[in-house]
Structures are given as C-alpha cells and as structure tokens.
Amino acid sequence: MSDFDGLKALVTGGASGIGRATAELLAARGARVAVLDLDPSSVDKPLLAFRADVTDDASVREAVAAAVAGLGGLDVLINNAGIGAQGTVEDNDDAEWHRVYDVNVVGMVRVSRAALPHLRESSHATIVNTCSIAATAGLPQRALYSATKGAVYSLTLAMAADHVREGIRVNCVNPGTVDTPWVGRLLDAAADPAAERAALEARQPTGRLVSADEVAGAVAYLASPLSGATTGTSLAVDGGMQGLRLRPV
Ligand code: NAD
C-alpha cells in the first residue's frame with residue numbers, strides 16, 4: 001500500500017482520532033495531505049491544515065479551494081468529521097436533531113460538493129466516508145446518531161451510483177468502538193472510567209477496542225488504487241461486532 005505517491009488527499013476531522021490516524025497514514029504512504037478541521041492547531045507538517053466548520057458552506061468552500069491550491073489538485077477525499085449523540089427519540093429535541101444531522105450528513109454533502117469539480121480532474125478519484133456500524137446495527141440509546149450514519153450509508157451508495165461513470169469511486173468504512181479522544185471523553189464522564197473501559201472492552205468480540213490506526217488502514221485501502229474496482233461498498237472495522245451479530249451496548 002505504498003502507492004499514494006503523487007496523490008493529493010483531503011481529510012475532514014483530520015486533527016483528532018480516526019481522521020488524524022488516516023491523514024498520517026496517507027502521508028506516510030506518499031500522499032500530499034491536507035486536513036480540514038474546526039481546530040487544526042495541533043496538525044503538524046508535512047500535513048497542510050485548514051480551519052473550517054463543515055456546517056458553514058462558505059468556510060467549507062474557502063477551505064477546500066485553499067487545500068486544493070496548496071496540494072496542487074485533489075485525488076482523495078476522506079469525509080470523516082462527525083459528532084456523537086446519545087439517547088432515544090424522546091431525549092433529543094428538534095434543534096439537537098438538526099445540529100447533529102447538519103454536521104454528520106450535510107457536512108459530508110457540503111465538502112463533497114466543493115471537492116467534486118476537483119476530483120473530476122483526477123485520474124484516480126476516490127471518496128471514503130466514515131460511517132459506523134450504528135448505520136445498520138440497531139443500537140439502543142443511539143437513535144439520532146444511528147439515523148445520521150444510516151444517512152451516510154445511503155449517501156455513499158447514491159454518490160457511488162451518480163459518479164461511477166465519471167471514474168469517481170465512493171465507499172465507506174463502518175467502525176465499531178474505536179479508541180479515540182471521543183470515546184475517551186465518554187469514558188471520562190462515567191463515575192468510574194477505568195471500570196467503564198474494562199466493561200466496554202469485555203463486550204468486544206476481540207476483548208479490546210478497535211484502534212484508530214486499524215480504521216485508517218481500511219480507509220487507506222479504499223482510497224488507494226489497490227481497491228480500484230470497488231465502489232458503493234462498506235467495510236466493517238469493528239473487531240467482528242457486525243459479522244458476529246453482536247451489539248456494543
Ligand atoms: P474525534 O472527536 O476524535 O475527532 C473528530 C474530529 O472532527 C475532531 O478533530 C473535530 O474537531 C472534527 N470536527 C467535529 N465537528 C466538526 C465540524 N463541524 N467541522 C469540522 N471539523 C469537525 O472523533 P473520532 O472518534 O475520530 O470520530 C471520527 C469519525 O468516526 C466520526 O464521523 C464518527 O462518527 C466516526 N466513528 C467513530 C467511532 C468511535 O468509536 N470513535 C465509531 C464509529 C464511527
């Protein structure tokens with residue numbers, strides 16, 4: 001998988017967790033990489049960093065244009081920025097539904113819309129969306145989050161269909177429970193974070209959480225020429241959770 005040489009990639013939400021691991025892996029494999037994030041202050045060279053909020057169309061268009069100019073083109077878009085939400089349909093009001101949907105779904109649409117004219121110029125154009133096993137697993141206490149990821153899954157298939165004849169591939173990864181700062185924040189909010197982590201690990205088929213690097217590996221595969229005939233698919237990176245029909249309750 002060293003064939004990112006000469007390719008230019010943009011990673012949203014690339015300052016933390018899965019996005020950061022992906023940006024660093026693509027760069028290590030030879031890509032020129034730009035990160036688009038709400039707070040890119042921790043992003044170091046050789047990665048290029050651009051501040052933008054995926055809920056703000058003007059800031060997205062400006063950051064994508066600047067990233068493409070800095071990279072000298074665009075071949076790979078990783079739509080990864082996303083936020084979580086807990087609870088049943090009775091726990092989140094309309095404003096919360098709109099807020100999370102705006103980041104997790106419309107955010108990917110905005111970035112894709114800004115990126116597609118540049119991807120059309122590439123002879124190796126791919127988009128990888130960060131979805132989740134929540135899209136199809138029926139997780140309790142995740143109604144809003146699951147609905148946004150269900151939408152990301154449908155969006156992936158629809159975009160794959162719309163752009164296949166233009167040579168643009170569109171796929172998604174479906175991570176399980178990944179050891180990122182996001183999950184760290186959830187655990188830190190528990191009464192006993194160490195006990196909560198041990199219980200979470202015990203519920204994984206593998207007995208451990210997925211690492212951000214392991215998700216990055218799957219994203220890199222889908223973004224690379226190695227998967228040149230693959231479009232409109234999802235790849236689970238969940239330690240067996242989905243295949244074994246288990247639930248990360
Ligand atoms: P994280 O919180 O560690 O990183 C998310 C990054 O996205 C941050 O750098 C944040 O600043 C950025 N971001 C958030 N809102 C943004 C906005 N409006 N505009 C621009 N950037 C924004 O989270 P993570 O765990 O690495 O999650 C990344 C993706 O993976 C998300 O789409 C999430 O839904 C998905 N995912 C995570 C897990 C998990 O267990 N961690 C599981 C399945 C899917």
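Guide: Two strands count as paired if DSSP finds at least two bridges between them, and helices (H or I, at least four residues) and strands (E, at least two) are DSSP runs, numbered from the N terminus. The structure above is a predicted model, in which local features need pLDDT of at least 70 and side-chain atom pairs count only at pLDDT 80 or more, while totals for chains, interfaces and linings use all residues. Residues are numbered from 1 along each chain as its sequence is written.

Visitor: How do you know that strand β4 and strand β5 are joined?

Guide: Strand β4, residues 76-79, is joined to strand β5, residues 125-130, by 4 bridges, which meets the requirement of at least two. The two strands run parallel, and within this pair Asn79 of the chain faces Asn129, which belongs to β5.

Visitor: What makes β3 and β9 edge strands?

Guide: Each of them, β3 at 48-51 and β9 at 234-237, pairs on one side only. They close the two ends of an open sheet of 7 strands, whose order is β3-β2-β1-β4-β5-β6-β9 and whose pairing is parallel.

Visitor: Which strands does helix α1 touch where it packs on the sheet?

Guide: Helix α1, residues 17-28, touches β1 (8-12), β2 (32-37), β4, β5 and β6 (168-175), a contact being a pair of residues whose C-beta atoms, placed from the backbone, lie within 7 Å. Helix α5, which spans residues 143-163, lies across β5, β6 and β9.

Visitor: Why is β2 described as largely enclosed by the rest of the structure?

Guide: A residue is buried if 20 or more other C-beta atoms lie within 10 Å of its own, exposed if 12 or fewer, and partly exposed in between. In β2, 6 of the 6 residues are buried, and the strand is therefore largely enclosed by the rest of the structure. Arg32, Ala34 and Leu36 point one way from β2, whereas Val33, Val35 and Asp37 point the other way, with all of them buried.

Visitor: What makes Asp238 count as buried?

Guide: Asp238 has 26 C-beta neighbours inside 10 Å, and because the cut-off is 20 or more, Asp238 is called buried. Asp238 sits in the segment after β9, and it touches Ile133, Asn174, Pro175, Gly176 and Val210, leaving aside residues up to four places away in sequence. With Gly176, which is 62 residues apart from Asp238 along the chain, the C-alpha separation is 3.9 Å.

Visitor: Which peptide bond is cis, and what is its omega?

Guide: The bond joining Lys45 and Pro46 is cis, with an omega of about 10°, and Pro46 belongs to the loop between β2 and β3.

How values were computed
Two residues are in contact if their C-beta atoms, placed from the backbone, lie within 7 Å. Axes are lines fitted to C-alpha atoms, for helices over the stretch in contact, and angles run from 0 to 180 degrees between N-to-C directions.
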